[in-house]
Amino acid sequence: MKSHAVRFLLPFLIIVGLAGPMTGPGPSPGPSSPPPAALPAGPGGPTLEVRADAFGLPLANDPLALQYGKPCVRLEKGDRVRFRVRVEAEGDYTVSFDAAAPEEVLFTPPEGQLFVDGALPVEDARRIRFPLYYRSATDEFPLNRYGHQIPAPPVRLARWTEVFLRDVNFSQKYPLTIHLTRGEHDFEFVLTRETLLLGSVYLRAFSPEPPYSQYLARTSPDTSGVLIEVEAERPSFKNDPSIRPLYNRSLDVTPYDTYRLLLNTIGGDSWKQSGSALYYEVEVPQDGMYLLTLRVLQDTRPNFTVFRRITVNGVVPFDEFHAVPFRYSADWQNVTLPYRVYLRAGRNVIGLEATTSPYDAAIANIRQSIRTINDLALEVKRLTGNQVDRYREWEIAEYIPDIEERLATIAEKLAADKAALQAVNNGMNSQEILNYQMALENIRLLQADPNKIPVRMNRLSEGPQSAAQLLGSVLSALQQQPLALDKLYVHSPDVLPPQPRIPVGKAFSENLKRFVHSFRQPPYLSIGAARDEIEVWVNRPRQYVDLMQQLADQTFTPRTGIRVKFSLMPTESKLALAIAAGLAPDVALGVSTNIPFELALRGALYDLRSFEDFDEFIRIYSPGALLEYIINDSVYAIPETQDFWVTFYRRDILEQLGIPVPQTWDEVIAILPELQRYGMNYYTPLSTGSGLKGYLVTAPYIWNFGGELYTPDGLRTGLDSEESIQAIRFMAEQFTVYGMPLTVVSFYDSFRNGDLPVGVSNAETYIKLRIAAPEIEGLWDIALYPATVLPDGRQYRYATGSAQACILLADTDKPQEAWEFLKWWMSTETQVDFSRQLLMNYGPEYLWYSANLEAFRALPIPEEHKEVILKQWEWLRQPVRLPGTYMQERELSNAWNRIVFDGVNPRVAIDSAVLTINREMARKMEELGYTRNGVPIREIKVPTIETVRRWMEEAERK
C-alpha cells in the first residue's frame with residue numbers, strides 16, 4: 001500500500017457575492033478527450049483544481065492515461081493520495097474527480113472514500129462509486145441460426161469522466177456538498193475497491209443549475225428543418241450492462257418484421273435502478289436550439305410516474321432536466337420535452353439516467369420509519385418476553401414513555417409523504433399510495449392504544465400486512481423506475497416527429513399473418529439435429545438457450561469443427577420418454593441431480609469415466625459434488641451448477657442484542673434462550689413447509705455426527721449406528737426440546753422482518769436478499785454452516801450443494817464429440833464468459849453459480865461472501881445413491897416426523913425405519929443382480945470423497 005502526504009496550497013477561493021450553476025453534477029460521461037463544451041448557463045462558482053502531479057505518486061503513462069491529456073496516477077485497492085487546500089471563505093462545496101476505470105475492470109465499479117481533516121465529511125463519502133461504461137461489441141445485432149436477432153455481448157469502454165461526490169444510491173437531485181470553514185483543510189482519498197486512473201480533483205462552490213427561464217434567456221436562436229432519428233436500442237454506450245435491448249411485437253415500434261424477432265426497444269424492467277444511464281451520440285448540422293422527443297412506454301406501473309435525468313454533453317443544462325416525468329400509458333407515445341436545448345454543430349452526447357430524486361424525501365422517510373418500527377417492535381418484545389395473550393393487559397406507555405410520540409412522528413411523516421406522492425402522480429392513487437394508506441392506518445391504530453401493541457404486532461412489524469412490510473414494498477417500488485424506449489428524436493422546433501400510429505388496414509393484415517404463422521412450431525422446440533450436429537437439450541429458459549447457442553457457434557464450433565444444436569427441454573419427464581422412443585439427445589444440461597442415477601441404473605447414460613482424460617478434467621470440482629453420480633467406479637454425470645448452505649444473520653439485530661454469530665451447533669443452542677426471550681428464533685432447513693425432508697437437509701446431520709448413510713458393503717442402511725441415532729435425535733430435539741420453529745413459510749420474509757434474524761439457508765435466499773430486500777441492505781451477512789463438535793474435539797460442517805448436472809446419453813453415436821462439448825461447456829473460460837454475459841444481458845439476479853470452482857471465483861459478488869462460500873464448499877458432500885436409496889430418504893424423513901409430531905421414542909422410530917429400508921434395499925439389490933437369495937454375487941462399491949480425491953491425485957501424477 002502506498003501512502004503519500006503532500007502539502008498543496010491552492011489559490012484563494014472567494015465565493016462571497018458569486019452565483020450561478022456548478023457544472024455537470026453526477027457521473028458526466030465525456031469523450032476520451034475533454035468533452036465538448038456545453039452552452040454556458042451563467043457564471044459558475046469558482047473552481048480549484050488539484051492536479052495529479054501534486055499527489056506525489058508515479059504518473060501513469062499507459063494509452064488510457066495518455067488519452068487524458070493531463071497528469072494522472074494509477075491507484076490499486078488500498079492506495080491513497082493526500083493534499084491540502086486553503087479556503088478563504090466558509091461555505092458549501094462540491095468535490096469531483098477526473099477518473100477512468102481500466103478495461104480489465106469488468107463488473108465491479110471502483111469505489112473510494114474521501115476524508116476531510118481526518119473524518120468523513122458526509123456519510124456517503126464512505127462509498128464514492130466510479131462508473132463503468134459499456135458499448136456493444138458489434139455495430140449490428142447478430143442473428144441466431146433461426147434468423148432472430150440476439151443481443152450483442154457488451155464490452156467495457158474505458159473513458160475519462162468527471163465524477164461528482166453523490167449519494168451512494170444516486171437518488172438525490174444534486175451532488176453532495178461538504179461544508180468547509182475558512183482556512184486550511186487536509187483531504188485524503190482512499191481507493192477501497194478495484195483499480196482506477198485518477199486525474200485532477202476539483203473543488204467548486206455549490207450553486208444549483210438555473211431554471212429553464214434563465215437558461216432560455218441566454219441561448220441562441222432556434223434551428224429550422226432538422227429531424228434526426230436515433231434507434232434507442234443501440235445506445236452509443238451505457239453505464240449499466242444489464243440495460244438490455246428487447247423484442248417488442250407492437251406495430252408502433254421499428255424495426256419490425258412479421259416473422260422474425262427483432263431487438264427494437266431497450267430498457268423496460270432492465271432500466272429501473274436510479275443511476276442507470278443510456279448515452280447517445282448525435283451529430284447536428286448547426287449550432288442552435290433543438291427539441292428532444294422520446295418514443296416511450298411505461299405500462300408496468302399504473303398511475304405511477306417515473307423520471308429521467310437528462311444531461312447534454314455531460315452536464316444538466318437547467319434545473320428542470322434533473323427529473324423529467326414520464327407517466328403511465330398503455331401504448332407507445334411520443335413525448336416531446338417542453339424545453340429547447342442548445343447543441344453545437346457536430347457531435348453531442350445526450351444522456352438519459354433513471355432517477356428517483358422526486359421520491360428521495362419519501363425514500364429517506366420510509367427507511368427511517370422502518371428502522372424506528374423495528375426498534376420499537378424489539379423494545380416491545382423485550383418488555384413482554386413475546387407473550388402473545390390477548391387477555392393479558394400491558395401498560396406499554398409506562399415502560400416506553402415516548403411510544404405515542406414516536407408513532408405520531410411516523411404517522412405525520414407518512415401522511416406528508418403520501419400527499420407528496422399523490423401530487424407527483426397528479427392525484428392518482430397507485431398501488432404505492434394504497435400501501436402507504438394501509439401502513440398509515442396501522443400506525444394510527446397502534447398510536448390510539450399503545451397498550452394493545454403486544455397483541456397487534458401483525459399491524460406493526462410482523463406479517464405481509466404490517467406497517468413495516470407495507471413500507472418495505474413501497475420502498476422497493478419507489479426505487480424502481482422502469483421505462484422502455486424505442487426512439488430518440490433530435491429536431492428543430494418547427495419539425496414534428498412521426499407519430500407511432502399504424503393504419504387500420506396494415507394492422508389487420510399484419511395481425512392476420514402473425515396469427516397464421518403462430519401455428520408453426522418454434523424451431524428451438526423441435527426435436528432432432530442434422531447428421532453432423534450433436535443435439536443438446538437444455539432444462540432452462542429460452543434466454544439461456546439462446547446464449548448457449550451463440551457461444552457454441554462463436555467459439556466451440558470454429559475451434560473444434562463440431563456443430564451443436566440446442567433445444568429447450570419441455571420437462572425432465574420427457575427425457576425418459578424420449579429415451580424409450582429412441583429420440584434421446586446426445587447431451588442434456590440442467591438436469592436435476594436425482595435423475596442421473598435412475599437413468600444410469602437402467603443403462604441409459606454413458607460412463608464418462610471411460611474417457612481417458614476424465615480424472616484430470618474433474619479437478620475443477622469439489623470432490624464431494626460428484627458422489628451422487630458414481631456407481632461403483634463409473635461416473636454418469638458431472639455437476640453444472642452448485643448450491644450452498646451457509647448461515648445468514650442480521651448484523652443489526654445480533655449486535656443490538658449482544659449475541660455473537662454462532663459457529664457451532666452448541667453455540668446455536670446457547671443463543672436460543674436470548675433470541676426466544678424477544679420472540680425471535682433460529683431457522684434450519686428442516687423448518688420448511690414440505691412434508692418430505694429430503695437428503696439435502698437431513699444427510700448433513702448424519703455425516704456431521706460421524707455417521708454414514710450405508711454400511712461399508714452398501715447392502716444395508718447405516719441409520720442404526722450409534723452416531724446416526726444421535727444425529728436423528730438431535731434433528732428432532734431442535735424442535736421438541738429447544739423450540740425452533742416447526743414450520744416457516746418463508747425464511748426470506750421472516751429474516752427481513754426480524755422474526756428469524758439468524759439461520760441456515762441457500763443460494764436462493766442469497767439472491768433474494770441482494771436483489772429484493774432494500775430495507776435491510778448492509779444489515780446482513782453470511783457465515784459458515786454451523787459445525788458439529790464431537791466428543792473427541794473433531795468438528796464437521798458437511799453440507800449438501802446439489803443444483804443441476806450434465807449427462808451424456810448412452811445411445812449417442814458421437815460420444816467423443818459430445819465429451820469434447822461437455823469439457824468445453826464446463827471449462828473455466830466458457831463458464832466465466834457465460835456467467836458474465838448473463839449478468840451483462842439480464843442483470844444481477846441472473847447470478848450463475850457454476851460448479852467449476854475456478855469460474856465461481858470470477859463471480860462479481862463481495863469478496864468476503866465469496867470466501868465464505870468457497871470455504872463451505874470445502875465441506876460439500878452429496879449423498880451417495882444406491883439401489884433403494886429413495887426408501888431411505890423417505891423413511892429418514894418419516895422417522896423425524898414421527899418423533900417430532902407423534903412423540904414416538906427415537907429408537908423405536910429409527911428401528912421401524914431401518915426394517916423398511918433394509919427390506920426395500922434387499923429387494924432392489926436382487927432385482928438389479930447384486931444379490932441372489934440374499935447372497936451378494938456382484939460387488940457394489942460405496943464411493944467416498946477420498947475415492948474422488950484419489951482419482952484426481954492419480955491423474956495429476958500421470
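This is a predicted model: local features need pLDDT of at least 70, side-chain atom pairs count only at pLDDT 80 or more; totals for chains, interfaces and linings use all residues.
Glu184 and Arg86 form a salt bridge, and their closest N and O atoms are 2.7 Å apart. Glu184 belongs to strand E12, while Arg86 belongs to strand E4, which covers residues 80-87; the pair therefore ties together parts that are 98 residues apart in sequence.

The structure as a whole holds 55 salt bridges. I shall mention two further examples. The side chains of Glu598 and Arg602 meet in a salt bridge, at 3.3 Å from N to O. Here Glu598 is partly exposed, with a relative accessible area of 31%, whereas Arg602 is exposed, at 56%. In the other example, Asp615 forms a salt bridge with Arg609, and the closest N and O atoms are 3.0 Å apart. Asp615 is buried, because its relative accessible area is 14% and the limit for a buried residue is under 20%. Arg609, at 22% relative accessibility, counts as partly exposed.

Strand E12 spans residues 183-193, and it pairs with strand E6 in the antiparallel sense over six bridges. Within this pairing, Gln113 stands opposite Val190 in E12. Strand E6 also pairs with strand E7, residues 128-129, again in the antiparallel sense, over two bridges. There, Gly112 stands opposite Ile128 in E7.

Is strand E6 enclosed by the rest of the structure or open? Strand E6 consists of residues 111-116, and six of its six residues are buried, so the strand is largely enclosed by the rest of the structure. In E6, we find Glu111, Gln113 and Phe115 pointing one way. Gly112, Leu114 and Val116 point the other way, and the residues of both groups are all buried.

Next, I turn to another sheet. This is an open sheet of five strands, with mixed pairing, and the strands follow the order E27-E26-E28-E38-E31. Which strands stand at the edges? They are strand E27, residues 563-568, and strand E31, residues 638-641. Each has a single partner strand, so one side of each is left without a neighbour in the sheet. Neighbouring strands of this sheet are turned by 30° against each other on average, if direction is ignored.

Strand E26, residues 533-538, pairs with E27 in the parallel sense over six bridges. In this pairing, Glu535 has Lys565 of E27 as its bridge partner.

Let us now move to the surface. A nonpolar surface patch of about 590 Å² is made by Phe508, Leu512, Phe515, Val516 and Phe519. Phe508 is exposed, as its relative accessible area is 59%.

Val697 lies in helix H16, residues 695-704, and it is buried, with a relative accessible area of 14%. Val697 and Thr684 are 13 residues apart along the chain, and their C-alpha atoms are separated by 8.6 Å.

Finally, I come to the cysteines. How many disulfides does a search of the whole structure find? The search finds zero. Two cysteines may be considered individually. Cys72 is buried, with a relative accessible area of 1%. Cys806 likewise counts as buried, at 0% relative accessibility.

To conclude, I return to the opening question. Strand E12, in turn, pairs with strand E6, whose six residues are buried. Thank you for your attention.

Methods:
Residues are numbered from 1 along each chain as its sequence is written. Side-chain values use heavy atoms; hydrogens and water are left out. A disulfide is a pair of cysteine sulfur atoms within 2.5 Å. Buried means under 20% relative accessible area, exposed over 50%, partly exposed in between (1.4 Å probe, protein chains only). Patches are made of residues with over 30% relative accessible area and no salt bridge: like charges are joined within 9 Å, nonpolar side chains (Val, Leu, Ile, Met, Phe, Trp, Tyr) within 5 Å. Accessible areas come from the Shrake-Rupley method with a 1.4 Å probe; for residues, only the protein chains shown count as cover. A salt bridge is a side-chain nitrogen of Lys or Arg within 4 Å of a carboxyl oxygen of Asp or Glu. Helices (H or I, at least four residues) and strands (E, at least two) are DSSP runs, numbered from the N terminus. Two strands pair if DSSP finds at least two bridges between them. Axes are lines fitted to C-alpha atoms, for helices over the stretch in contact, and angles run from 0 to 180 degrees between N-to-C directions.
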